[in-house]
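Please read them beside the sequence and the coordinates.

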Amino acid sequence: MSAQHWRATRGEALHGTLVIPGDKSVSHRAVMFAALADGTSRIDGFLEGEDTRATAAIFARMGVRIETPSPSQRIVHGVGIDGLQAPDGPLDCGNAGTGMRLLAGLLAAQTFDSVLVGDASLSKRPMRRVTVPLAKMGARIETGEGGVPPLHIHGGQRLSGIDHTLEVASAQVKSALLLAGLYAEGETVVREPHPTRDYTERMLSAFGVEIDFAPGFARLRGGQRLRATDVAVPADFSSAAFFMVAASIVPGSVLRLSQVGLNPRRTGLLQALRMMGADIREENAATHGGEPVADLIVRHAPLRGIEVPEALVPDMIDEFPALFIAAACAEGPTVVRGAAELRVKESDRLASMAAGLRALGLRVDETPDGATIFPGPLHGGSVESHDDHRIAMAFAVAAQRADGEVLIRDVANVATSFPGFDALARGAGFGIASA
């Protein structure tokens, strides 16, 4: 991916109604489950990002016919739980950790061998957290040195259901085990130290799978088939988070974010921002495919620093870059603990956000599992995204309160989750341009 940069400067008060792209997590799963289902499924609101397109392309490589009648729509002709075909070479997940980890569980149960590869960023991310419990079910998966991709998955293995408690709460690992469990003999039970997002459980249920689940627990029996269904993908909460924070910190702003997914295991940031004093209202609440959605109306409000409750951390793990910017513009310090997971995302997000805020003149004290952010005036400067889309977007938001230009390096990866972010941001009032 060629290097691209942004020059971001303080813009105007933010106004308008924004349609945020579809939820990435739901889009990945919708394509996967529709491919495995009996019959034809229609997906509306599919995220046209590089990550999700990579997942769709992988299933096309395994014999699934996927039509694109218009942008953000997919018609998936399912091949059934046992209908995938051997690919003719390695399967490229791009930057998608979700895609790779879920596919590891699914492909471990197939009759054919497969290899999962990713881009430079994904190729550094830990995979033993998913390959080790899958091995307990009977899977054979070899990783690169240090437990990173590529994943060499041996087909033809006989899988058995397990009752497994995750050491670290992870929706991706849980989902991989549940997908393998569809093919395993007996029951598969996954328990978590903290509840994580239940997209997989809700969507499997929508596709006709009998699955018992509650916060921190999921159980299904092997041998079930999926029935095709239509999926309406909600707007991605993680993508909306940047505009929620921007409207909160830029004086005079009022933004409406349309039909944002409000899965209760996803909205920790919403609770944290309200604790900080944010003015965020919900209107037009509905449910689409088991997922709650609503319009969010965000008005500028003075924020105050808080100690983020550790109970919220698993429900906002992808939104911490946005939270760090809110904290930088609050009154008084904000303390984050219990977020060691941030050190193994697309980048070490704790270190990356701390370094970027320091480059703009703030004090940030890091700990192994968190940080304390001391607010103050934001200055211009140069920050590194570390090839992490959420870091890049977070500092575009920070620049709206900075007293000088912020150069954000290596922003090409934003297209993996939020294509067109800069154009949408400019339309709302951001100062942002390509460098």
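1. A charge is taken to sit over a ring if NZ of Lys or CZ of Arg is within 6 Å of the ring centre and within 35 degrees of the ring normal. In this predicted model, the charged end of Arg363 is placed over the ring of Phe374, at 3.9 Å from the ring centre.

2. On the basis of the values: the model is predicted, so local features need pLDDT of at least 70 and side-chain atom pairs count only at pLDDT 80 or more, whereas totals for chains, interfaces and linings use all residues. Residues are numbered from 1 along each chain as its sequence is written, and side-chain values use heavy atoms, with hydrogens and water left out.

3. The strands that follow are DSSP runs (E, at least two residues), as are the helices (H or I, at least four residues), and both are numbered from the N terminus; two strands pair if DSSP finds at least two bridges between them. An open, antiparallel sheet is formed by 3 strands in the order 20-22-21, and its edges are strand 20 (334-336) and strand 21 (363-367), each of which pairs on one side only. Strand 20 pairs with strand 22 (residues 370-374) in the antiparallel sense over 3 bridges, with Val336 opposite Ala371. Strand 21 is joined to strand 22 by 5 bridges, again antiparallel, and Glu366 has Ala371 as its bridge partner; the hairpin between strand 21 and strand 22 passes through 2 residues.

4. Angles between axes are taken from lines fitted to C-alpha atoms (for helices over the stretch in contact) and run from 0 to 180 degrees between N-to-C directions, while contact means heavy atoms within 4.5 Å. Helix 10 (residues 349-359) lies across strand 21 and strand 22, and runs at about 160° to strand 21.

5. Another open sheet has 4 strands in the order 2-17-19-18, with mixed pairing; its edge strands are strand 2 (15-18) and strand 18 (279-288), and the twist from one strand to the next averages 15°. Strand 2 and strand 17 (residues 254-261) pair in the parallel sense over 4 bridges, and Leu18 stands opposite Leu257 in this pairing. Helix 7 lies across strand 2, strand 17, strand 18 and strand 19 (291-299), at about 160° to strand 17.

6. Which residues touch the most other members of the largest nonpolar core? A nonpolar core is a set of buried Ala, Val, Leu, Ile, Met, Phe, Trp, Tyr and Cys residues joined through side-chain atoms within 4.5 Å, where buried means under 20% relative accessible area, exposed over 50% and partly exposed in between (1.4 Å probe, protein chains only). The residues are Leu257 and Phe421, in a core of 82 residues, to which helix 7 gives the most, with 10 residues. A second, separate core has 63 residues, including Met32, Ala56, Leu151 and Leu177.

7. Aromatic rings of Phe, Tyr and Trp (its six-membered ring) are paired if their centres lie within 6.5 Å, and planes under 30 degrees apart count as stacked, over 60 as edge-to-face and the rest as tilted. By this rule there are 7 aromatic pairs. The rings of Phe243 and Phe421 have centres 5.6 Å apart and planes at 45°, so this pair is tilted. Because Phe243 lies in helix 7 (residues 237-249) and Phe421 in helix 12 (residues 421-428), the pair ties together parts that are 178 residues apart in sequence. Phe418 and Phe421 have ring centres 5.3 Å apart and planes at 75°, so they are edge-to-face. Trp6, Phe243, Phe418, Phe421 and Phe430 form one aromatic cluster. Phe421 is buried at a relative accessible area of 1%, and its contacts beyond four places in sequence include Met393, Ala396, Val414 and Ile432.

8. Some backbone geometry deserves a check, since most residues other than glycine have a negative phi and most peptide bonds are trans. The peptide bond from Pro149 to Pro150 is cis, with omega near 10°, and Pro150 is in the loop between strand 9 (140-142) and strand 10 (151-154). His386 has a positive phi, near 55°, and Asp387 has one near 60°. His386 lies in the loop between strand 23 (381-384) and helix 11 (389-398), and is partly exposed, with a relative accessible area of 43%; Asp387 is partly exposed at 29%.
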